[in-house]
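Let's take a walk through this fold, one piece at a time. Keep the viewer open and click along as you read.

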Amino acid sequence: TLPTHVKLVEVGPRDGLQNEKETVPAEAKIELVERLVDAGLTNVEAASFVSPKWVPQMATSGEVMDRIRRRPGVVYSALTPNMKGLEAALAARADEVVIFGSASEAFSQRNINCSIAASIERFREVARAAKAHSIRLRGSISCSFGCPYQGEVAPEDVADVVRRLRDLGCDEIDIADTIGTGTPAKVQAVYETVAQDYPLARLSGHFHDTYGQALVNIYAALQLGVSIFHSSVAGLGGCPYAKGATGNVATEDVLYMLDGLGIHTGVDLEKVVEAGQFISRQLGRAGSSQAGNALAAK
Ligand code: HMG
Ligand code: MG
């Protein structure tokens, strides 16, 4: 049986926009976040406190967090790879911080410039500080279904990182398909493996749609009882350290499917479509959500 409720985590303002070549003005990011919250999204990844040399697009994260009109009950989260990031997130009053590692050694090196083991040591300090400030701590695991550099990734390698993030005190753990190569059987194998070490109710699915598999992978995860999913308005995004990776699954597409399945999210699809139209206008191109484009054309 499928879950009756799903928590959607909107990652468009972060995962979506981090990959844009042209600078997106802070103004536009702020309006995007506010529109998404207006649509009923209660979890929005709005910032990333990483090196501006590595990801220039996220350099305005402090300003964005500072100027968003905060809505009570909404969790505004920020990526924090190290203590410098954590300190910036504290100053920005983030409600949740995200430590992001990888199930693949090669990707860990390319994305955060250290081994998996070294990343866990870095995260230990970040986790301790987050706990000391009573901030929610989320862990993210890239390349859980495949890696652009090493190819196959074994479910046991994902489980290994899940256990380490669990031991750091993560309140939630994201199983991420960075390059979108996963298919439903693989998705089920990975969740069945990792759920032996961590509660399924606190595992999420973060699917990129590069191979057009994201929705069916979400459906496969729903069948196992996974009830937290990440998505990106207008299907924005990609990862600067995963060449050719396209955006996250589009929020509009996920909502259209969940609405059809009678699964409650509290999110208004029409308003998300409008937010998608807004950011697509800003970027000067059509959005890549099929449901979003179909509904906008009506
Ligand atoms: P490093 O070069 O090893 O770090 O980078 P460092 O400590 O040696 O510092 C080098 C320079 O960066 C120094 O500046 C630091 O001050 C600065 P300099 O002295 O040269 O002027 N620096 C920082 N500046 C601002 N904020 C910080 C920070 N840390 C250091 N937090 C580091 C290590 C992790 C910082 C770097 O590799 C980095 O920023 N990587 C970011 C990669 C990234 O953002 N990737 C995209 C997000 S992850 C993702 O999209 C995947 C996900 O969606 C899930 C999925 O789909 O797989 C989450
Ligand atoms: Mg991602």
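With 13 C-beta neighbours inside 10 Å, Asn 113 counts as partly exposed. The cut-offs behind that label go like this: a residue is buried if 20 or more other C-beta atoms lie within 10 Å of its own, exposed if 12 or fewer, and partly exposed in between, with C-beta atoms placed from the backbone. Before going on, keep in mind that this is a predicted model, where local features need pLDDT of at least 70, side-chain atom pairs count only at pLDDT 80 or more, and totals for chains, interfaces and linings use all residues. Residues are numbered from 1 along each chain as its sequence is written, while chains are lettered from A and ligands numbered from 1 in the order in which they are written.

Asn 113 sits in the loop between α5 and α6; helices (H or I, at least four residues) and strands (E, at least two) are DSSP runs, numbered from the N terminus. Its phi is near 65°, a positive value in a residue other than glycine. Most residues other than glycine have a negative phi. Ser 134 is not a glycine either, and has a positive phi of about 55°. You'll find Ser 134 in the loop between α6 and β5, and with 6 C-beta neighbours inside 10 Å it counts as exposed.

Now for the ligand. Which residues come nearest to ligand 1? Of the 26 residues around it, they are Val 50, Ser 51, Gly 85, Ser 142 and Thr 178. Being near here means having a C-beta atom, placed from the backbone, within 6 Å of the molecule. Helices α4 (83–91) and α5 (105–112), along with strand β5 (136–142), each supply at least two residues of this shell. By type, the shell divides into 12 nonpolar, 12 polar and two charged residues. In that count, Ala, Val, Leu, Ile, Met, Phe, Trp, Tyr, Cys and Pro are nonpolar, Asp, Glu, Lys and Arg are charged, and the others, Gly among them, are polar.

Val 50 also turns up in the surroundings of Met 58. Leaving aside neighbours within four places in sequence, Met 58 is in contact with Gln 18, Ser 48 and Val 50, where contact means C-beta atoms, placed from the backbone, within 7 Å. Met 58 belongs to the loop between β2 and α3, yet it is buried, with 23 other C-beta atoms within 10 Å. Its C-alpha and that of Asp 15, 43 residues apart along the chain, are separated by 9.8 Å.

Click on Ala 46, and beyond four places in sequence you'll find contacts including Pro 13, Val 33, Ile 68 and Ala 78.

Leu 36 leads us to helix α2, where Lys 29, Ile 30, Leu 32, Val 33, Leu 36 and Val 37 are buried. Seen down the axis of α2, these buried residues fall within an arc of 160°, so they line one face of the helix; the arc is that of the directions from the helix axis to the C-beta atoms. They pack against β1 (7–10), α1 (12–16), β2 (43–48), α3 (61–67) and α11 (269–283). After α2 comes Gly 40, whose phi is positive, near 110°.

Helix α8 (residues 184–194) is another case, with Lys 186, Val 187, Val 190, Tyr 191 and Val 194 buried. Seen down the axis of α8, its buried residues fall within an arc of 130°, so they line one face. On the other side of α8, Ala 185 and Glu 192 are exposed. Among the elements covering the buried residues are α7 (155–167) and β6 (172–177).

What about helix α10 (residues 251–260)? Seven of its 10 residues are buried, so α10 is largely enclosed by the rest of the structure. The cover over its buried residues includes β1, α1, α9, β8 (228–231), α11 and α12 (290–297).

Last stop: Asp 174, in strand β6. Asp 174 is buried, with 23 other C-beta atoms within 10 Å, and its contacts beyond four places in sequence include Arg 138, His 206 and His 230.

Terms used
Contact = placed C-beta atoms within 7 Å.
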